[in-house]
Amino acid sequence: MSIIKITGIAAWLLVSCIPLSAQSTYHIQRFTTDNGLPSNGIKGLQWDAQTGFLWIATEAGIARYNGAEFLLFNRANTPELFSERMLFLLKTRDGRIFSSDETGDLFFVTRNKVAFMGHSRIDTRPASFRLTGLVASGQLFRQSSQQAPPDFGFNWFREQLVPLSEKRLLLTHNDTLYDYRLGSPVPAFVMTLPPDARIGYLDTTLFLFDPGHGFFRLDIDAGRKYPVTVQGLAPDNAAKQKRSLFWDNGMPQPLLLEGPDVWVLHKTAERLEAQLICTALPTDGRISFLKYDSSSGLLFAGTQSKGLIVIRKDLVKPVRAPVRSPDQQTAYYSQVALPGGKILTNEGPVLDGKGNATVFPAIHVPFNSYVLQDADSTLWYSLGDTVFAYSFPKGRTTTRFAGAGSVATGFLHTGSGFYIANAIGIGVIHNQRIDYQYRYPQADRNSNMPFAMIEISPGHIGVATCEGLLRFDTRDHRLDTLLRIPGICVRALWTYNGYLFIGTYGRGIWLYKDGQLRPVPPDKRGYLQYAHCFIQDRLGYCWISTNRGLFRTRPQELIDAFEGRTTVVAYHYYGREEGMDMTELNGGCTPCALSLNDTVLSFPSMDGLVWVDPTRPVPTLPRGSVYIDGFIADSQQIDLGGLVKPTLPAGTRDISFDLAFPAWLSKENLDIEYKLEPYNPVWQTVDPARSPELHFSNLPYGSYRLLVRGTGVAGHPEAPRVITSFYIRPHWYQQPWSWLLGLCLLCGLIILIVRWRTRWFEIRQNNLEKQIAEKTRQLQGKNEELERTDLIKTRLISIISHDLVTPLRFLHLTGKNLIEKRRELPDELLQEAIGEMATTSKELELLGTNILNWIKYRNEDRRLAKETFDLHELVTQVFGVLGALARQKDIRLVNGVQESLVLYQYIEPVKIVLYNLVLNGINFTSSGHIHVGCEYTPGGIALQIRDTGVGMTPEQINNIMADHFIISSANVDNRKGNGLGYLIIKDLLKILRGQLSIRSEKEKGTSVTVWVPL
């Protein structure tokens, strides 16, 4: 950007200090709905100097113009844009551009696109005070949005916002200036303004423009204004059109408009200076917005009803003579500089660049296309076979006959003499005669006529002809050919630093030095294949005229290409975009161009002359301003807004990028290159005629980076910049695991072949293994059966030794004592002994039943079948069996199961589980009750057996719930019991796929819950 600023300052100094007639024309473009603008009603205009984009708010959305094409943002591509009728387009203190539609939807510009910000309620039309704080800061914006003063609207066309700081701004409303601050929701009155007054902010100073009384400096704190003088601006004339001031926060300097004239204002000390930048602004429509970019000289005007106007000064100026007759010749070749900045053309008219044409009668016209003005101010030219010499100081002409068939003669002064060349030969002029030192074998005006002559080296003269580049040795009068291309004429010669520059008509530019002759790269469109002229300006640039326009480059660039140090030459092109009406310039003449002074070069063309100022800076693109408008992969839009690198699916065939960059130059000067790493390591040139759009097809999988770069101001490539990166997934068969799978398949195939060769061995081995496995399975079954049998036997022995032998011994001893001592025992003791015997017998009966049930379900391979039964009735049956035992202990049995509760399960295991749990409750309960209840749970029912017995300790519960608990006949709290009942319950619950849980507390009873699935 520093280079752009420097060139902009140089352009300003040039226009201010050296007003040239060659810079008085303008290139004017008008844009309406007929050529790209979405609406002719402009609601806002902002120039972004960082990106080189012009942003336009219209009644049909937001448009972005890059100098070549419009990009529209409307409901089709911006869904948040509820209403396409925009209210404004403003730039904030930090340089961000904001806009809003009439419903209050806020948007901001993010480099090359428009993004949705949020919503602010709009109360009035055409605009609202609620959005005024945008130009200052977020704090002031929130205050104006949330605490808008009543009946205080804002008209974006007529009224202004002037931010002074992040907490303060000035606003004009109804010809009144207000001071709006953070913390004060209601704007404070400052002063009354004259009708149509405008405020401009320049170098931290506020200026007020009163159309009727001129400029004033504003002192806001004092509420006063002071007159200010303006230099460079004529006094206001009532007969002229009314002057208007244009300024908003996005403009570094105010602009003053009067009819077609536009000035940019500068501040110097305590006064203003007006610099005229345009005299051709159309006046057929009301101008609402004016923007000016000093670095490029672009002037933008937005109208209320006639669209957009873009104006810039032409870099070149056509100079023509008035056409008075259809037969008048308008194509010029050779030129002669006359006093007063006038040019005598070979056809006779003397042009002054102001549209005037006179004659110079002292010189015969029309003369041939080769002239020479020597140090004695003598003009040498030829007409037919005669050579003329006109002395400007003496005003006298002398003639010399060149010989029949000479046609046209060229001239060259060297240290050894004054040489001529024409269609019949090469000679030297001595006084009043011509001495030919070499004559062509045959006179030929088409082949031998010279276009240019130059001293290549001491004693050697180069002559450009249609026979090629001829070299004449002035010492031995020999003629040889340095360059000959059949059918191609050599038109221009120029020497620079020992190198000979050669321009051909059809084969481009060649360089010659030390016997080496090589072509140099042409421009990208090939216009330089027809190189007519080389001329150097005071800045060191070489200008080259062609059939299709004018080029400027550094001579060293061409030398570097000749020496092989570079393959690219940076050319800057001048054509129609720069003001050249006729791009076909003429060559084959000497001089091929004139340098009138330090700031004007004159080239002949097919329609008059073309004047160019070589000191004016050439427009260039902002550095790095290349963006992506669209990224499409196989017709799918790819979002580039995230922080994660886009990943494309495997097999993606077509990828395209829509590039966006400023294009305020001729297409020939849009030198932007790109490459896609690692797919294409060679830099490619962007073709602006194709949108521009980049296409890539059938890319292999992997990571990619799209890089761009420009050629820079001096033509040297800038540092490449990555504008996007993406990743294409590989196919499944391209994944590393697929290669591993393939390797495994190959190994499997090898193994399969090997196994196929040893198949009959494997068959025998497999049969043997099957037999061994079958025997092993049988042995394991027998072993498991023996283990179960041994376990049953061990447990039976334990139970019999503890729980059967002891009661039987008691019965035996008690019965024996009753027989022997029945007469001695009192009846009460006798009855007690008999009762004990009955109880013990009953316990032995129950124990025996449990033992049989356990043995039956542990040792028999029974095939049970589920059936549907009434659970309430089943509990009643169990109570009937154990009722007598409960009544003996005065224990109440309570059936809390809901009647008609149907359960689909194995009925016999359920009955045995209930039997054992109720029996355990009776054994360990002295008095009270035993309650059997039931409730539904997810997936099953839960049977709860609660008693009021002695309860159990946590250690006893843990022993019962253990996988292998100890069966013991030891008394529990002086009560007989064993763990066989719980062992049977746990085994049966495995069959039922049920679960068991116990909650108990000493002296407070036990609650056993059995969950059984439905």
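Thr 386 is found in strand E33, which covers residues 386–391. The model is a predicted one. In this model, Thr 386 has a relative accessible area of 24% and is partly exposed.

**Surroundings of Thr 386**
- Leaving aside residues up to four places away in sequence, Thr 386 touches Tyr 381, Thr 399 and Arg 400.
- Between Thr 386 and Ala 404 the C-alpha to C-alpha distance is 9.1 Å, with 18 residues separating them in sequence.

**Aromatic pairs**
- A pair of aromatic rings is described by the distance of the centres and the angle of the planes.
- The count of aromatic pairs comes to 51.
- One of these pairs is Tyr 505 with Tyr 530: the ring centres are 4.8 Å apart and the planes stand at 75°, so the pair is edge-to-face, the cut-off for this class being over 60 degrees.
- Tyr 505 lies in the loop between strand E44 (499–504) and strand E45 (509–513), and Tyr 530 in the loop between strand E46 (516–519) and strand E47 (531–536); the pair therefore ties together parts that are 25 residues apart in sequence.
- Tyr 505 is partly exposed at 29% relative accessibility, and Tyr 530 is partly exposed with a relative accessible area of 32%.
- Trp 760 and Phe 761 form a tilted aromatic pair, with 3.7 Å from centre to centre and 35° between the planes.
- Trp 760 counts as partly exposed at 49% relative accessibility, and Phe 761 counts as partly exposed at 46%.
- A cluster linked by ring pairs consists of Phe 631, Phe 657, Tyr 674, Tyr 679, Phe 696, Tyr 704 and Phe 726.

**Charges over rings**
- Arg 491 lies over the face of Phe 451, 5.1 Å from the ring centre.
- Arg 518 places its charged end over the ring of Phe 562, at 4.2 Å from the centre of that ring.

**The open sheet E47-E48-E49-E50**
- Four strands, in the order E47-E48-E49-E50, form an open sheet with antiparallel pairing.
- E47 and strand E50 (572–574) stand at the edges and each has a single partner strand, so one side of each is left without a neighbour in the sheet.
- On average, neighbouring strands of this sheet are turned by 25° against each other, direction ignored.
- Five bridges join E47 to strand E48 (residues 542–546) in the antiparallel sense.
- Trp 543 in E48 is the bridge partner of Ile 535.

How values were computed:
Residues are numbered from 1 along each chain as its sequence is written. This is a predicted model: local features need pLDDT of at least 70, side-chain atom pairs count only at pLDDT 80 or more; totals for chains, interfaces and linings use all residues. Side-chain values use heavy atoms; hydrogens and water are left out. Rings of Phe, Tyr and Trp (its six-membered ring) pair if their centres lie within 6.5 Å; planes under 30 degrees apart count as stacked, over 60 as edge-to-face and the rest as tilted. Helices (H or I, at least four residues) and strands (E, at least two) are DSSP runs, numbered from the N terminus. Buried means under 20% relative accessible area, exposed over 50%, partly exposed in between (1.4 Å probe, protein chains only). A charge sits over a ring if NZ of Lys or CZ of Arg is within 6 Å of the ring centre and within 35 degrees of the ring normal. Contact means heavy atoms within 4.5 Å. Two strands pair if DSSP finds at least two bridges between them. Axes are lines fitted to C-alpha atoms, for helices over the stretch in contact, and angles run from 0 to 180 degrees between N-to-C directions.
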